[in-house]
Amino acid sequence: MQEEDENRRRIPAEAPPLHPSVAPLSYLLGTWRGQGEGKYPTIPSFLYGEELSFSHSGKPVIAYTQKTWKLESKEPMHAESGYFRPKPDGSIEVVIAQSTGLVEVQKGTYNVDEQSIILKSDLVGNASKVKEISREFELVNGKLSYVVQMSTTTNHLQPHLKAMLDKI
C-alpha cells in the first residue's frame, strides 16, 4: 500500500505536451460515453452502452480503451484496447486487442478538416471466422460517431456496430 502511494506521487499530475504527430487528433483525447447498436446476419440486433477513452503520454501515439455493457443490467459485454499511431502525412496505424482474443492491425487515413479517421484491417489475428474489419470515426456536432463493419467466412463486409458518443 505504501509503495502504491509513493508511485502515485512520482507520476506527474499534469498531462505532458502533445507530440506533434498526435496534435491533429487531439479532439479525440478524453472519455466518450453513449449508446450504440449492433447487428449482423448471424446474431440478433442489440443495443449497448459504451465508453471510449483516448489518452497520450507525450509520445507519438494515442492510447485507446473501450468497454461496452448491456443497457438494462449493466453487465459487461466487450472490451478492447490498443494504440493509434498517426503519421504527419495523414496516414495512421492502429493496433487493437479485443477481450475475445482477436487482434487487429489496421491502416488508414485521417482528415484534419473533417475530423475523421477511416481504417481497414491489414491483419485480423486469432479469429476463426472474422476475415476483415473496418472502422470509421468522425466528429459530428461535437459528438463522436463511429461505424464498424465486418466480414466473416460466410458474410461479406457489412455494418456490425455503430454508436454516437458524448464527451464527458
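At 34% relative accessibility, aspartate 166 counts as partly exposed; buried means under 20% relative accessible area, exposed over 50%, and partly exposed in between, with a 1.4 Å probe and protein chains only. This is a predicted model, in which local features need pLDDT of at least 70 and side-chain atom pairs count only at pLDDT 80 or more, while totals for chains, interfaces and linings use all residues. Residues are numbered from 1 along each chain as its sequence is written, and side-chain values use heavy atoms, with hydrogens and water left out.

I will stay with aspartate 166 for a moment. Its partner in a salt bridge is lysine 143, with the closest N and O atoms 2.4 Å apart. A salt bridge here is a side-chain nitrogen of Lys or Arg within 4 Å of a carboxyl oxygen of Asp or Glu. Lysine 143 lies in strand 9 and aspartate 166 in strand 10, so the pair ties together parts that are 23 residues apart in sequence. Strands (E, at least two residues) and helices (H or I, at least four) are DSSP runs, numbered from the N terminus. Lysine 143 is partly exposed as well, at 31%.

By this rule the count comes to eight salt bridges. Another one joins the side chains of lysine 120 and glutamate 132, at 3.7 Å, N to O. Lysine 120 belongs to strand 7 and glutamate 132 to strand 8, so this pair ties together parts twelve residues apart in sequence. Glutamate 93 and arginine 85 also meet, at 2.7 Å, N to O. Glutamate 93 is partly exposed at 29%, and arginine 85 is partly exposed at 35%. Glu80, Glu104 and Arg135 are linked in a network of salt bridges.

Next, the loop between strand 7 and strand 8, where serine 128 lies. Serine 128 is exposed, with a relative accessible area of 65%.

Last, the largest pocket. A pocket is an open set of points on a 1 Å grid over the protein atoms alone, where a 1.4 Å probe fits, with protein on both sides within 12 Å along at least five of seven lines; lining residues have an atom within 4 Å of a point. Which residues lie nearest its centre? They are His78, Gln98, Thr100, His160 and Leu161, out of 30 lining residues. Strand 2 gives the largest share of the lining, five residues.
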